[in-house]
Amino acid sequence: MTETTNVQSIGYLPPQISSHYITFEKGQKVLLFLNYFQIDDQSLILISPRNFEYSNLNFIMFSSNICPSYKASKKLIVSIEQFKSIVSFNILLFCDLYQNNSAKSYSKQARTIESFISPNQCDQVNILTVPGEQGIDFKKVEQYLDCKFKYIKQHYRSNSLVYMDSPYKLYNVLYCFDKNTQLIEYFRFLIDNQIYNELSEIQQHYQVSNLEMTLYKFFDNKDLPNSMNSVQAIRKKFNNQTKDQQFYLLQQMKHINQMHQQADYQNLICPDCQSISKCSFLVSKSQQIFLAGQSELYAYPIPIEYMNLIGRLFSQLICQMMHYAKTQNVNNKLSNIAQIERIEEAISCPSFNLERNYQNLEMLGDSVIKYLTSAMLFEDRGLNNESLLSSLRIKLITNKHLSDVYIPLQIRTMNSKIHYKKVRNHMTTTINDVDDFKLSRKQQADIYEAICGACYIKDYEFSDVIKFFKLTNFGFQGIFQIFYSGNSLIQFPDIYNNNIYPFKQQKQLKPFVQKSIYNQSLEKFEQFLGCKLSRLSEAMTVDDYERLEFLGDAILELLIVVNVHKECEKYYYTQQQQQMCREGKLQSNLLLCPGWLHIAKISLLDNGFMGTMALYYGYHQYAIGLCQETQNEIEKVLDSLRQEEFNEFYLINQYSTQIPKIMSDLWESVAACIMIEYGWEGVVKIYGEMYKPFIQYVVQNIYTIYDYYQVINRNIQIEKN
């Protein structure tokens with residue numbers, strides 16, 4: 001292996017990127033995988049040694065909208081000679097872009113063909129690029145190789161890179177002039193293109209005071225004061241006997257790493273790419289110039305549009321393909337039990353992607369796991385009290401247990417953003433420093449929960465989550481199918497607009513009962529609910545409801561979290577909003593975050609809300625075994641509730657300490673009672689309808705509600721300190 005200091009630190013390279021290319025028929029055929037990308041209005045083909053699978057998500061890099069054209073790579077078999085030409089094309093192209101070539105030949109550190117097809121080579125980036133739209137344009141490949149190896153020349157055409165005596169030394173055309181072009185016109189061009197700031201600066205640099213001459217005369221006149229080195233070099237070789245009528249001032253083509261010089265690398269935003277033109281090899285701010293007559297100038301055989309695509313985006317695409325590959329490999333391990341774009345979200349840490357990571361799915365998955373473990377434990381009638389059920393559930397949902405079942409998966413996550421500038425020229429011998437970050441126990445547990453969330457929202461059913469449990473030996477043994485079928489989705493209208501707190505409206509239509517009548521028959525309560533419930537007596541009896549309340553707590557949490565998450569994603573988590581956030585056009589606190597889901601839980605599941613709902617719908621009148629003291633507390637708080645206007649959303653939660661906890665317990669136990677006989681369909685039909693206007697209100701006013709609780713929490717911290 002050639003000795004080299006070309007080291008890149010981009011972490012683990014997935015096999016889709018680093019594997020050798022497969023040969024067969026005694027090494028005469030090579031299997032390629034073609035990956036097609038639509039970039040704005042252009043196409044780009046990248047070749048990989050293994051198959052890629054893509055999500056439907058497009059992404060934006062340096063103001064270019066990029067989308068995989070297909071959901072998977074396309075296979076292509078080529079001859080070994082064709083493959084050699086592709087490799088040679090890439091070696092020459094990237095050594096041009098990285099300026100590794102010598103003046104008249106390609107780099108001595110260039111990789112061999114064996115390094116791409118031998119299985120015993122060290123891990124390197126083996127992604128290749130080729131010209132073409134629908135397939136590889138071998139004609140352009142051969143034209144390029146002929147230019148480099150056979151010196152077959154094409155005369156200069158506008159909007160192309162150029163060379164003079166050697167196709168290994170490339171330039172961009174800065175300025176075209178003839179023998180009548182005035183010097184001042186050129187100087188104004190330099191100012192307009194921000195190569196210099198003002199005329200006096202140019203005059204000092206060029207050592208010229210008389211501007212009333214032609215540019216041709218300026219280079220031809222050797223009696224003028226010595227100018228900067230590049231001008232003096234032009235004067236020395238200037239041929240005033242030339243027959244050329246057109247002349248060109250050139251700049252050496254910029255290095256690929258000089259693209260996006262003013263960029264925000266973290267968010268892949270470049271101010272120079274905000275315009276229509278975007279960064280280009282045709283534009284450089286270098287002050288060093290070269291001169292060529294029209295007859296000396298030859299066109300670089302690769303179209304500038306293709307060169308600019310590679311220069312602007314290739315390294316970044318390599319990083320993106322690493323993420324695609326990791327997502328694909330996790331998805332394959334999980335046997336495609338979740339949508340691939342959700343898997344990508346579930347294995348992305350906040351340090352990798354601040355706008356789209358596992359945190360929201362983790363909170364959703366936490367509620368899914370809590371529900372499934374609660375239902376499974378509830379099935380065991382031997383677990384006859386809430387305390388025992390809760391302690392067993394805690395063992396299943398702790399970070400330690402979730403981390404223990406996560407580790408054997410050996411998932412490669414996205415836990416830090418790869419700086420694309422760390423990607424070196426992969427066509428020279430490169431050492432890859434594999435330095436993956438390690439996850440903490442909590443992060444492992446969070447990602448496990450996020451994957452559960454991703455599995456659930458594939459179809460909003462439990463079957464895929466249960467498959468994931470079995471795959472990871474979670475210890476799930478639930479068998480009562482009514483608990484594990486159906487979904488928890490409430491049907492919301494496409495658009496809703498109501499800024500009035502729902503309880504204010506409901507109370508105006510139907511006030512709280514004016515006089516409570518306790519110990520009413522359960523048949524009357526069943527009429528209100530609209531269904532017969534065989535375990536309603538257990539659910540409403542003070543000393544008997546604990547087990548049902550344990551299950552009902554998990555049911556209602558999932559009902560709220562799933563529906564708030566789904567509705568918030570529609571309004572506060574679109575791809576456009578995520579991109580605007582990355583570009584600084586949208587404040588990050590306006591994007592869906594776990595804090596919102598947590599606040600929704602507080603707003604709709606605390607004792608104040610659930611207790612008020614239970615009192616409003618008269619649950620206390622059907623409760624069995626309420627002592628007189630509790631009845632007195634209920635009547636006292638009912639007096640306050642009857643007078644409350646509910647003008648603000650937070651007022652209902654302020655009753656949390658006044659309402660006896662038994663009311664929220666009954667609210668939860670009845671939900672479990674419905675689940676046992678009618679499943680999620682029954683829960684959504686009865687409790688979903690009661691919660692529906694409140695979920696709509698919370699989603700629509702989530703900014704206000706979140707800010708309110710942030711202030712409350714800050715005040716609490718201030719008081720503690």
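Visitor: How many aromatic pairs does the structure hold?
Guide: This is a predicted model. A pair of aromatic rings is described by the distance of the centres and the angle of the planes. Two rings pair if their centres lie within 6.5 Å. The number of such pairs in the structure is 66.

Visitor: What kind of aromatic pair do phenylalanine 89 and tyrosine 144 form?
Guide: The ring centres of phenylalanine 89 and tyrosine 144 are 5.0 Å apart, and the angle between the planes is 65°. Planes over 60 degrees apart count as edge-to-face. The pair of phenylalanine 89 and tyrosine 144 is therefore edge-to-face.

Visitor: How many residues apart in sequence are the parts that this pair ties together?
Guide: Phenylalanine 89 belongs to helix α2, residues 80-97, and tyrosine 144 to helix α4, residues 138-150. Both phenylalanine 89 and tyrosine 144 are buried.

Visitor: Are phenylalanine 476 and tyrosine 484 buried or exposed?
Guide: Their rings form a pair with centres 5.3 Å apart and planes at 80°, so this pair is edge-to-face. Buried means under 20% relative accessible area. Phenylalanine 476 has 12%, and tyrosine 484 has 5%. By that cut-off, phenylalanine 476 is buried, and tyrosine 484 is also buried.

Visitor: Which ring does the charged end of arginine 235 sit over?
Guide: A charge of this kind counts if it is within 6 Å of the ring centre and within 35 degrees of the ring normal. The charged end of arginine 235 is 4.6 Å from the centre of its ring. That ring belongs to phenylalanine 218.

Visitor: What is the distance between the end C-alpha atoms of helix α24?
Guide: Helix α24 covers residues 628-643, which is 16 residues. At 1.5 Å a residue, the helix should span 22 Å. The distance in the model agrees with this: 23 Å.

Visitor: Within what arc do the buried residues of α24 fall?
Guide: The buried residues of α24 are Thr630, Gln631, Ile634, Val637, Leu638, Leu641 and Arg642. Seen down the helix axis, they line one face of α24, because they fall within an arc of 145°.

Visitor: Which helices do those buried residues pack against?
Guide: On the other side of α24, Gln628, Glu629, Lys636 and Gln643 are exposed. The buried residues of α24 pack against α17 (502-509), α23 (607-616) and α25 (661-700).

Technical notes: Residues are numbered from 1 along each chain as its sequence is written. This is a predicted model: local features need pLDDT of at least 70, side-chain atom pairs count only at pLDDT 80 or more; totals for chains, interfaces and linings use all residues. Side-chain values use heavy atoms; hydrogens and water are left out. Rings of Phe, Tyr and Trp (its six-membered ring) pair if their centres lie within 6.5 Å; planes under 30 degrees apart count as stacked, over 60 as edge-to-face and the rest as tilted. Helices (H or I, at least four residues) and strands (E, at least two) are DSSP runs, numbered from the N terminus. Buried means under 20% relative accessible area, exposed over 50%, partly exposed in between (1.4 Å probe, protein chains only). The expected span of a helix is 1.5 Å times one less than its number of residues. The arc is that of the directions from the helix axis to the C-beta atoms. Contact means heavy atoms within 4.5 Å.
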